[in-house]
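Here is a short report on a protein model with several chains. Keep the sequence and the 3D view open as you read.

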Amino acid sequence: MPWEGTASSFAPVAIGVPLLVACLLAALGKLLPRWAVDAVATVAVVGVVALDVVLLRATRAGRVVTWVGAWTPSRGSSVGISLVADRLGAGLALLAGVLVLAALVYSWRYFEDVGAHYQVLILLFLAGMTGFVLSGDVFDMFVFFELMGAVAYALTGFLVEDDTAVQGALNFAIINSLGAYFTLTGIGILYARYGALGLPQLGEALAGQPPDALLVIAFCLVCVGFLVKAAVVPFHFWTADAEAVAPTPVCLLFSGVMVALGVYGVDRVYSTVFGEVLPHDAVRRALLVLGALTALVGALMCFLQRHLKRLLAYSTIAHVGLFLAAAGTLDGPGTTGAAVYVLGHAGIKGALFLIAGTVLSRYGSVDEVSLHGRGRDARVMPWLAVVAGLALAGLPPFGTGLGKAISEEALSASGFRWGPVLFVLVSALTGAAVLRAAGRIYFGLGPKPQDDDQDEASGDEQDRETPALPRVRATMLLPIAALLIGALAIGAVPAVARGVSSAAREFLDGQGYVQQALHGAAAEPPAPLTEAAWTATGVALDVLSVLLAAGLAALALWKAQLPDRLRTVTRPMRSAVAALRRAHSGHVGDYVAWLLLGIAAFTALVGVPMI
Amino acid sequence: MSRAVRWWVLGAGTAGVGLVLLLAFLQMPSFGSSHHPYRDAAVPAAVAHGTANVVGSVTFDQRGIDTLGEEAIFFGSVLAVLVLLRPEDEEEPRPEEGSLAPLQSTRLFGYLLLPLSLITGLDIVAHGHVTPGGGFQGGIMLATALHLVYVAGRYRSLEQLRPMPLFESGEAAGVAAFTALGFAGIAVTGSFLANFLPYGTFGQILSAGTVPLLNIAVGVAVGSGGIVLLGQFFTQVFLADREKGSGS
Amino acid sequence: MSVYAYVVAGALLLLGAIGIARSRDLVHAVVCLSISQSGTYVLLLAIGYQDGAPAPVFGSTSAPTTRVVDPVVQALTLTDIVVSATVTALLLALSIQIQKRHGTVDPDELSALEG
């Protein structure tokens, strides 16, 4: 039986250890000096990362199933909760652990006086993410989802002295909580008819059922909370608000792994529970539409920002749209592309947020316009920022480039020829925004822009998170470099993509999940896909994105010198862009209205073609 | 967005979601039906583990990791309030001046009900596995019962009875005890949160294995956490701006 | 009516959301959020109800039987209540800080996060 043996204890220990250490630090934190608190927290996270690595190795023999409380299935059913670690889940847990480690190391010398509360919250966040990813029960996923959320709200508003921090945290909290209540409603509706909450039990109960309105609606409602967390349009408005004000290491966690977990949640629930019931076409179409819309809105808003952290937040939204579009193909290559892209993006976006943190520390602002040329004396950061910007646009051999290439190929192979166009355009726009910002700040490129555009949030009011630093400390530089190297390794080491493709095929095998978790059937992970590698077309499209990104950045930097005729071309778009900007108003009431409309639209997108 | 646009979006969204929910509700089993498959499995499982309160068995035994997560959420949120309402350098506590003294009858009832409430709370925590109740319910009762001292008396009396560091540690200890019992399950039976203690006599106080212990851990955590939580909000009421010299 | 209880739950969920969207005061918005959540409690408990069945607690006078109200949804609702209470406390703490920083709790007047 796959739930016997020591491997089945790994998942609960990975959840329990951060929790226990968090309690320890909360009780003793006031008595210990700062370095001791940091040391205990870091050692605990290193331990969890090591355990995640061991768990990932154990998944080579198939999914690692744990029935908590020894409620193992008898006669094919169980009243208990299962924790099922397949390769993708264990991999995401490992990613979460590694990013938390990077965030903790960065925080060592970044915050000066935060007490033990910060480290306790980070440890609880890790426990929440690990529990969410490894859980095999939809209500348990909801509980850990709320744990992630509650701690995230606190971390976002952590620097209470900052006027905008608490407002961003409040918007974040209200929208995410409301989304979670809709997920709970969906869980309740599903439970009412099938009397089960576990993913294997539900998957078995639903297999072969005729798809009716209740199933479609239950699926859409359950996905609402995950889509809100994933910052998919039109549930995305909270993201820029929260990431603009959260402390930098926290933004690293949000953009790097937390939003990806939303996409994971949707995909997991679909493939294990609804995969045999709802027709693939309807769900695929809905996910592709949402993904494309999210990617375009995110990329456009990203390019318009001058506040560095908001720029990066919108770029995250754009990339989540790309992940959702790739995973929305609901097949092996698409899911592989999405997973590789997530891994690469986590490294690049994490590094970019940490770089933005160094900018804030050294120059006291995150406004691209007012920081024009201020960074000219920096030695290493400018090049790291440029490399990260190019990698965001898809520079080979970074992981982002590989993920992008595999995803484009998967989309066009499934018949969606607009896929590569979308990916090239969106990654070029987001890369261009970063390159433009890096060019202005670190190299002083382009004429100093007029400070006349008052529509958008300026980065000048951003309070310093740390006392002013004359130089970037080593503990801040190290995680940045490590994240960039990690992102490079994802793309450059072929074994990674092959392993991810095997994990993706196992992930999509919902019936295999049910059989292994509930009936103890032995299983071997499927073979890797041939599509999980660099192709000539993929490299060509990546190079195209990078060139386009550089071109757009140059255009933005030197737009004052463009001939007037070119500028009249963009005039009709201005009112549309202005309307889009106005929709992102910072007002929580607007966000709730869009949330409700989004739920109705998503359900209609999935359900109406099935009538 | 202007209010008018917001109204239109809201109206469309509400109509859509309302329709969606109604369509789902019409296809659910009717209210009061006897179709509850999970219950049909949970009740015998609870009885097999000697727990007379089936809800308690489901909460702590069958779906124990959900409760662990919930404990973590409670712990994290109390910590969050501690972080978000931490006093700043410009603020100092102001004395509770000018408030009316409570009525004699309020004082009498407050002081009479205080020990009764505390004992009832403890009873609900301790008997969570045999009667309705449990750690959460009893813990909240204990936390709010302590505040009868404030209702019937003065804030200063409450402050003296409520050493904050003790309760902050108490909350952490409660959650840690829950997790430690889970790990003890691994040590004894190889399974996290397994019910490894003897099941005892059905319906007596010594029954249900680890469920009463988990109830006590949760009671300590929730009771202490509730006191800490309320304390933070009280502190905000009695804070003054050092420069202004009066309450906010 | 066999669907009435669920409709009440759905109405609470939507009324809470509408309340937040229309709100002029953050404390009011937070309370509306907890109204939405109480809609989910009503839904869960209504799903678990069975006509004429007693509570799922067995004592000296009641022998164990499966003809009881669903205990699982009660456990879920308990979890839900704890989550709601703590998130409400967190949001109220945030509202207090907003009042201190911005001098107002009217969402219409909080404009620092535009664009």
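Into which domains is chain B divided? Chain B has domain 1 (1–35) and domain 2 (44–241). These bounds come from an automatic or database domain assignment. The C-alpha centres of domain 1 of chain B and domain 2 of chain B lie 37 Å apart.

## About the model

This is a predicted model, in which local features need pLDDT of at least 70, side-chain atom pairs count only at pLDDT 80 or more, and totals for chains, interfaces and linings use all residues. Residues are numbered from 1 along each chain as its sequence is written, chains are lettered from A and ligands numbered from 1 in the order in which they are written, and side-chain values use heavy atoms, with hydrogens and water left out.

## Where chain C meets chain A

Start with the contacts (heavy atoms within 4.5 Å). Here 36 residues of chain C are in contact with 45 residues of chain A. The size of an interface is often given as the accessible area lost when the parts come together. The buried area is summed over both parts and uses a 1.4 Å probe. Between chain C and chain A, about 3,600 Å² is buried. Carbon and sulfur atoms give 75% of that area.

How many residue pairs are in polar contact across the interface of chain C and chain A? The rule finds four, with both residues at pLDDT 80 or more. A polar contact is a pair of N or O atoms within 3.5 Å; within protein, one must be able to donate a hydrogen and the other to accept it, and residues adjacent in sequence count only if both atoms are side-chain atoms.

Which helices take part? On the side of chain C that touches chain A, α1 (4–22), α2 (26–48) and α3 (71–102) of chain C each supply at least two residues. Helices are DSSP runs (H or I, at least four residues), numbered from the N terminus. α3(C) gives the most, with 15 residues.

V9(B) sits in helix α1 (residues 3–26) of chain B. V9(B) is buried, at 9% relative accessible area. Buried means under 20% (1.4 Å probe, protein chains only). Leaving aside neighbours within four places in sequence, V9(B) is in contact with A593(A), W594(A), L597(A) and M1(B).

E408(A) belongs to helix α15 (residues 399–413) of chain A. With 1% relative accessibility, E408(A) counts as buried. Not counting residues up to four places away in sequence, E408(A) touches P420(A), F423(A), V424(A) and L541(A).

Key:
Buried area is the accessible area (1.4 Å probe) that two parts lose on being put together, summed over both. Buried means under 20% relative accessible area, exposed over 50%, partly exposed in between (1.4 Å probe, protein chains only).
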